[in-house]
Amino acid sequence: MSIQFKALPTEAVRALQRGGPDAYGHTPERRISDGDGVPCRHCMKNVAAGEGYLILAYRPFPELQPYAETGPIFLHADECKRAAEVDALPEMLASSDYIVRGYGKDDRIVYGSGAVIPTGDIAARAKTLFEREDIAYIHVRSARNNCYQCRIERA
């Protein structure tokens, strides 16, 4: 089975980079990266030291419902190229482990699917989860703060 790591859609990111409102209706905050732990969810690379980035509230779900988690993410402040949809781990996944959790077609957590997984095992875990018919897509989230990193889908 093939999988794809998916970055945030360019149209949504461009709106945020141009000062559009985040999930809470606020203008994204602007900061300068120190080069440590600032992963852009669009190009899926870390924001380099000295580059501008945005902090904003993001909800990776189509509508509000009890499982529609909203939380902080980072984006480059200036336009960056969207990461290709490939089966290779994104460069930004630099921590030792992440939460990998499956969601159903109804955009709700599939209980029993979530686990903290060593970074090198994320793709294998995703392929195992996709053997289940009740898993429509997967989120990769920070194991320390539960921040959304990216989505995995069947290729």
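Q: Two strands count as paired if DSSP finds at least two bridges between them; in this predicted model, what makes β3 and β4 a pair?
A: Strand β3, residues 52-58, and β4 are joined over six bridges in the antiparallel sense, and since the criterion asks for at least two bridges, the two strands therefore count as paired.

Q: Why are β2 and β4 called edge strands?
A: The sheet is an open one of three strands in the order β2-β3-β4, with antiparallel pairing. Its strands β2 (29-32) and β4 (71-76) each pair on one side only, and it is in this sense that they are edge strands. From one strand to the next, the twist averages 35 degrees.

Q: How do you know that the buried residues of α1 lie on the same side of the helix?
A: In helix α1, residues 10-17, the buried residues are V13, R14, L16 and Q17. Because they cover an arc of only 160 degrees around the axis, they are placed on the same side of α1. What covers these buried residues includes β2, β3 and β4. After α1 comes G19, which has a positive phi, near 95 degrees.

Q: What makes the largest nonpolar core a core, and which residues have the most contacts inside it?
A: A nonpolar core requires buried residues of the nonpolar kinds joined through side-chain atoms within 4.5 Å, and the largest such set here has 20 residues, of which F5, M44, L93, I122, I138, V140 and I152 have the most contacts inside it. Two or more residues each are given to this core by β1 (3-6), β5 (97-103), α2 (122-129), β7 (137-142) and β8 (148-154), the largest share, three residues, coming from α2. Apart from this core lies another, of 16 residues, which includes L8, V13, V47 and I73.

Q: With which residues is I122 in contact, leaving aside its neighbours within four places in sequence?
A: With those neighbours set aside, I122 is in contact with F5, L89, L93, Y98, V100, I117, V140 and I152. Of these partners, F5, L93, V140 and I152 are also listed among the residues with the most contacts inside the largest core.

How values were computed: Residues are numbered from 1 along each chain as its sequence is written. This is a predicted model: local features need pLDDT of at least 70, side-chain atom pairs count only at pLDDT 80 or more; totals for chains, interfaces and linings use all residues. Side-chain values use heavy atoms; hydrogens and water are left out. Buried means under 20% relative accessible area, exposed over 50%, partly exposed in between (1.4 Å probe, protein chains only). Helices (H or I, at least four residues) and strands (E, at least two) are DSSP runs, numbered from the N terminus. Contact means heavy atoms within 4.5 Å. Axes are lines fitted to C-alpha atoms, for helices over the stretch in contact, and angles run from 0 to 180 degrees between N-to-C directions. The arc is that of the directions from the helix axis to the C-beta atoms.
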